[in-house]
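Here is a short briefing to read alongside the model. Please keep the structure open and follow along as the topics come up.

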Amino acid sequence: MIGEIPDRRFAELAFPVPPVQDETLSSYIPRLARANHVRLDHFMEHLTGRFRQYPRLNETRAHALAVMINRPLETLLYALPELRGQAAHLELQLHGRTLGRHPNRPGWLCRRCRWQKLIATPVTRWQRHDQNVCLRHGLWIGEGVSTENDQVDLTACPEIIQAHRYHRCLISRLGRVPIAYAYYESRSIQLEWVAQGRFQDVRARRFDRLLGSGWRVNRESAVLNAVIYPEVVALTGILASAYWRSLAASLAPMNVMRFYGEVGNRVHPGYRRAGNGFDPLRQWVEALAHPVWLGRATRSPSAVFAANEHDYLDTH
Ligand SMILES: [Zn+2]
């Protein structure tokens, strides 16, 4: 129940299109203005009450917008994360909801989901680190997607879709914050292996299946991020494990070898031990085992969780 009287200065729009869940303001407000055939600057001027050129999106007034699209204010605030700061007086249930800020990032809604919703133009929404695959349509929507056209169809590589399921399983077992941290560590290691030309065969086979012969990709491309995803998630599962981290940090060589062996079993077959000092996993192990020597702090997922580093909250 909202204890506010509707503002009579604002009338319901002729086409009050609803927002998509977690849509960004920079996606929704222009879409709403376009649907109603109103210039964006005029629309914003009316919505914000700022009679000057180019009022900013972050000046959007949630209450006025709720009246204009004839939705309860609470419904609007649950859908648009960036507006929730205006509703400290409401008791919103935010646990598990996506936050509209770092570490989340704006990402493109799956284009096939958009078509199903009969939305004519691309939509961006706030995405968590684990929102990489649309399971309904099998499209890559994660890192590297800069336009809808980058949303590669993963049907030919079911192991990437399966990795997404495993990623979600890890989060349900260990929590989103430790997994997010281990995921970024793992992804950084995998990208360095890519830069060094390691483990090319598995990537080449997946590129062939996804793109056909004669493919060319760059380091930032969505398809490269999709292709390395199964190994990124597999390594995440090891790096997030307190047991395997303790072996990696052990001063007993046998324990460290067991850690490398596990990476060989679950991530890259044949990886048994780090070759040289340039190996990113070996650097990670040494930083974990000898943080003082290297002037680095130990960064276990539990420590990250306790310190709330990167401004993570369990509600993101
Ligand atoms: Zn979809």
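This is a predicted model: local features need pLDDT of at least 70, side-chain atom pairs count only at pLDDT 80 or more; totals for chains, interfaces and linings use all residues.

**Overall picture**

- The chain has 13 helices and 4 strands, taken as DSSP runs numbered from the N terminus (H or I of at least four residues for helices, E of at least two for strands).
- Of its 316 residues, 33% count as buried, meaning that 20 or more other C-beta atoms lie within 10 Å of the residue's own; 12 or fewer makes a residue exposed, anything in between partly exposed, and C-beta atoms are placed from the backbone.
- Among contacts with a separation of 6 or more, 61% join residues 24 or more positions apart; a contact here means C-beta atoms, placed from the backbone, within 7 Å.

**Helix α7 and its partner α6**

- Helix α7 is mostly covered, with 14 of its 20 residues buried.
- The axes of α6 (residues 158–174) and α7 come within 7 Å and cross at roughly 130°; these axes are lines fitted to C-alpha atoms over the stretch in contact, with angles from 0 to 180 degrees between N-to-C directions.
- The two helices are therefore oblique to each other, the class left over once angles under 35 degrees (roughly parallel), over 145 (roughly antiparallel) and 65 to 115 (roughly perpendicular) are taken out.
- Leu 170, Ile 171 and Leu 174 of α6 meet Arg 176, Pro 178 and Ile 179 of α7.
- Ile 179 is buried, with 26 other C-beta atoms within 10 Å.
- Beyond its neighbours within four places in sequence, Ile 179 is in contact with Leu 170, Ile 171, Leu 174, Thr 236 and Ala 240.
- Ile 179 and Ser 241 are 62 residues apart in sequence, yet 9.4 Å apart in space, C-alpha to C-alpha.

**Nonpolar cores**

- The largest nonpolar core has 53 residues, and those with the most contacts inside it are Trp 140, Ile 141, Val 152, Leu 154, Ile 160 and Ala 226; such a core is a set of buried Ala, Val, Leu, Ile, Met, Phe, Trp, Tyr and Cys residues joined through C-beta atoms within 7 Å.
- Helix α9 (residues 222–239) gives the most to this core, with 12 residues.
- Apart from neighbours within four places in sequence, Ala 226 is in contact with Trp 140, Val 152, Leu 154 and Ile 160.
- A second, separate core of 14 residues includes Leu 32, Met 44, Ala 66 and Leu 80.

**Backbone points to check**

- Most residues other than glycine have a negative phi, and most peptide bonds are trans.
- His 102 and Pro 103 are joined by a cis peptide bond, with omega of about 10°, and Pro 103 is in the loop between α4 (73–79) and β1 (105–108).
- Leu 118 has a positive phi near 60° and is exposed, with 7 other C-beta atoms within 10 Å.
- Just after α7, Gly 197 takes a positive phi of about 75°.
- Phe 199, in the loop between α7 and α8 (200–211), has a positive phi near 55° and is partly exposed, with 18 other C-beta atoms within 10 Å.

Key
Residues are numbered from 1 along each chain as its sequence is written. Two residues are in contact if their C-beta atoms, placed from the backbone, lie within 7 Å.
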